[in-house]
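Visitor: I would like to go through the terms used for this model and see what each one rests on.
Guide: Then ask about them one at a time.

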Amino acid sequence: MEKEDPEAIGPLSLESKAPATVALLLSSQEEDILVKATEAIRKFAEKGEESKIKLLGLGALGPLCKLIDHSNKVIKRNALMAVGIMATNGEVSEALKKEDVIPLLLQKLTAEEDVVVHEFATLSLASMAADFNCRVQINTNNGMPPLIKLLSSPDPDVTKNSLEIIFNLVQDLETLKVLHELGAIPPLLELLKSEFSVIQHLALQTFQCVTTDLETRKTFRKEHGFEKFMDVLNNMELNDLHAEALQTVSNCLGDMETLPLIHKNKRLTRLMEFVLAPSSPEIQCIAIKCITRAAQSPESRDVLHKQEIEKVLVELLSAADDNVKTSACQAIAAMSFRPCSKDCLKDLEGIPPVVQLLRSESSALREAATQALSSLTHCNKANALAVYEAGGHQILIQQLSESSTSTVASSVATLCNMAEQEIIQSSILSQGGVQALVEPLKSTDTQVLMYTALCVVQLACNNEGREKFHKAGGLEPLVNLLYSKDKELLKHACLAVNVCARDTSCAVKMCKLGALEILQEINQSANRRSSFSKLAITSLLNSNLPVKYNRTGRLTPNDIITSGFYDAGQAFLDQPFLTLEELLNQPLNQKREIVAFNIPMEETVDLADDRKASPTESEIAIKKGRMTPKRKKEKDKHDEEHHDVLPEKSPISFGDVSLLMLIKEAKDSVLSLRDEREQYAALARLVSEAMGGAVPRERLHELGWVLHQSELRFQLKSNVLPIGMINKGTYCHRAFLFKCLADTIGKRCSLVRGDYNRAWNEVLIFKVDRKNLRFSKPRWYIVDLMHQPGTLLPIDSPAAQQYQTI
């Protein structure tokens with residue numbers, strides 16, 4: 001017989017109706033008291049929301065959480081039930097998140113625990129699973145596997161709670177991607193057969209989420225999930241599940257591997273029925289979305305065409321619900337990948353209503369309508385013309401200022417498609433279309449930038465478009481695109497630069513913005529260079545010959561220089577290339593002189609007309625004592641008349657009459673000769689006499705060209721010297737003048753820069769074999785302008801090599 005403790009009190013039976021007292025008893029060490037206290041708390045919590053809040057205020061939640069792990073099963077179960085019931089209240093749920101209870105709850109999900117424990121443990125977890133931090137804790141404690149097992153629980157409450165937790169967990173990408181690896185798909189599919197609609201809906205909502213993942217869709221397909229969902233859609237008794245089931249079917253149709261499944265057992269026909277006879281606009285929208293996804297494959301498009309889907313879609317454009325019209329536009333865009341469908345939609349007069357939808361107040365509908373027009377007009381001139389006739393181009397231009405990047409991209413793409421036709425292009429230009437492209441060129445969206453660059457190519461293909469684009473400030477954002485690391489965008493930017501560079505003023509501006517340096521860097525990169533970048537830099541240089549000569553040191557016979565050309569010297573690293581206007585505005589300096597080719601505008605001669613006229617009877621006009629009195633008088637008169645008219649330091653303010661006279665002399669004396677060699681020789685002698693005459697190699701230092709040009713710079717107060725005013729010149733000046741005169745009178749030659757003020761001209765001459773009446777193989781020559789003026793040196797001869805070097 002057990003001996004009684006003389007200091008212990010006898011058994012005490014406590015009864016209390018005060019919740020505060022019962023809450024205090026939760027800290028008791030006596031199991032009997034804890035059993036009664038937890039049971040009382042549970043029953044009190046079941047009374048309603050006020051009871052749950054009161055228990056929270058009395059501090060009952062903390063002790064209850066600790067009792068969840070009690071060794072006594074009754075206490076553990078009562079505590080767990082109390083916590084689960086209380087957790088359904090929002091305030092209690094928030095407080096519960098602060099308790100470190102998630103690991104304890106997950107431990108209660110084992111097979112050894114009874115169903116009641118499972119029910120209230122999952123109920124507690126479900127109340128917290130909407131919180132991101134709680135989801136992290138559940139995953140960290142490997143909570144997903146036991147939850148998946150509980151999906152097969154015989155208790156529907158356990159199943160529902162577990163499913164709700166899983167639904168919340170898969171909102172996080174990490175969990176979403178591994179769900180199929182944990183074997184969740186089969187039990188989830190089984191829940192579609194549940195007799196409880198809440199479980200069915202939760203399962204469908206979970207599938208809507210998880211089928212957005214590619215790998216999960218693969219598992220879903222292997223488990224015949226697609227077929228089971230189509231069974232749901234075919235079951236009219238489950239019409240309350242159709243909207244959610246359609247959404248999952250739509251997700252699955254995003255895979256090309258799933259598309260063949262839609263053609264079995266008339267499944268595509270079933271989807272069409274949802275479009276034609278919807279139970280609600282929501283279901284109709286989702287069904288159209290399924291049709292849009294199915295239209296990714298040519299086979300599906302053919303089947304849909306046979307079912308006259310185009311006619312249905314055109315009718316839906318006038319639906320009362322904006323979402324239905326939006327979905328219809330998206331389906332039209334998808335079906336337009338089929339050329340016959342494009343024509344069909346036009347024949348059904350479907351384009352004008354799509355254009356009208358561009359005026360909708362709904363941004364989503366405007367976006368979808370623009371995408372439809374982009375697809376409809378792609379490689380289809382008839383549709384582009386239909387959009388134009390409906391006034392679509394005007395609205396599309398306005399939409400270029402939309403905030404939606406997708407709308408802007410589709411608008412630009414449609415305008416680009418339309419601008420391929422001259423009549424539409426002209427109208428787009430008159431409506432300010434090219435100016436409206438400037439803002440999209442500043443976008444950060446790659447698609448917008450790519451389509452906009454292509455649209456620039458279309459709209460800036462003529463002088464009017466280029467001029468408007470230039471004045472609107474479009475060249476700077478266009479040049480900035482050359483910095484892009486995206487190869488496709490860079491390709492499109494280079495194409496646009498190539499088109500704009502056909503205009504000299506645009507080429508000059510782009511060079512000033514650094515386009516040349518960027519393109520040079522691109523073309524030196526093995527990864528970034530392409531035929532497009534090479535084309536862009538070639539066009540840029542060909543339209544800006546001063547820069548081309550500065551950077552490459554060579555002008556070809558095809559590079560015809562005109563008034564305004566100048567030689568700014570050889571390029572140096574990090575040295576900006578200045579325009580002639582900028583150079584004219586510089587104060588006198590000690591740098592190399594700038595030589596310019598400038599004919600007064602009103603004196604510029606039409607070369608074609610001059611060639612038709614007979615030669616004049618004048619002698620060669622030469623400078624510094626060699627000019628005839630008549631020519632000298634004409635020059636003095638011209639200088640006097642134009643001294644006050646031309647603005648100071650403008651590119652033509654020098655009135656380079658001497659050059660004009662030399663041009664006339666060259667036409668009179670050179671073009672009258674029949675032999676091509678003699679023509680080049682005569683032109684060389686004219687240049688030499690104008691630049692100080694022949695100078696033996698050993699007496700070059702006596703020419704005095706440096707002093708002469710310094711005096712001329714001081715006299716003009718400018719670093720820029722008109723070539724015609726230079727009376728003493730060395731290799732580079734003579735070669736420059738030879739190129740100027742040759743290009744002006746129609747003779748072809750190159751201009752090549754060497755080192756140390758060396759430059760020379762190369763000419764290609766065909767030798768005539770008069771005996772056999774044919775031309776022999778042409779040969780390149782360097783023209784001697786310094787030592788034996790008029791001598792043609794074969795380019796590969798020692799004499800030519802000596803002429804090119806010191």
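Visitor: What is the bridge partner of Arg554 in S5?
Guide: Arg554 has Val752 as its bridge partner in S5. This is a predicted model, in which local features need pLDDT of at least 70 and side-chain atom pairs count only at pLDDT 80 or more, while totals for chains, interfaces and linings use all residues. Residues are numbered from 1 along each chain as its sequence is written, and side-chain values use heavy atoms, with hydrogens and water left out.

Visitor: Why are S1 and strand S5 (residues 750-753) said to pair?
Guide: Two strands pair if DSSP finds at least two bridges between them. S1 and S5 have two bridges, in the antiparallel sense, so they meet that definition. The strands themselves are DSSP runs (E, at least two residues), numbered from the N terminus, as are helices (H or I, at least four).

Visitor: What makes S1 and S10 edge strands?
Guide: The open sheet has the order S1-S5-S6-S9-S10, with antiparallel pairing. Strand S1 (554-555) and strand S10 (792-794) each have a single partner strand, so one side of each lacks a neighbour in the sheet.

Visitor: Which strands of this sheet does H45 touch?
Guide: H45 packs on the sheet and touches S1, S5, strand S6 (759-765) and strand S9 (779-783). Contact here means heavy atoms within 4.5 Å. The direction of H45 makes about 40° with that of S6; axes are lines fitted to C-alpha atoms, for helices over the stretch in contact, and angles run from 0 to 180 degrees between N-to-C directions.

Visitor: How many bridges join S6 to S9, and how many join S9 to S10?
Guide: Four bridges join S6 to S9, which run antiparallel; Glu762 stands opposite Ile782 in S9. S9 and S10, also antiparallel, are joined by three bridges, and Val783 stands opposite Leu792 in S10.

Visitor: What is the strand order of the open sheet with mixed pairing?
Guide: That sheet has three strands in the order S2-S3-S4. Its edge strands are S2 (565-567) and S4 (720-722), each pairing on one side only.

Visitor: How do you know that the span of H11 is close to the expected one?
Guide: The expected span is 1.5 Å times one less than the number of residues. Helix H11 (residues 156-169) has 14 residues and reaches 20 Å from first C-alpha to last, against 20 Å expected.

Visitor: Which residues of H11 are called buried?
Guide: Among them are Val158, Leu163 and Ile166. Buried means under 20% relative accessible area (1.4 Å probe, protein chains only), exposed over 50%, partly exposed in between. What covers the buried residues of H11 includes helix H8 (115-128) and helix H14 (197-210).
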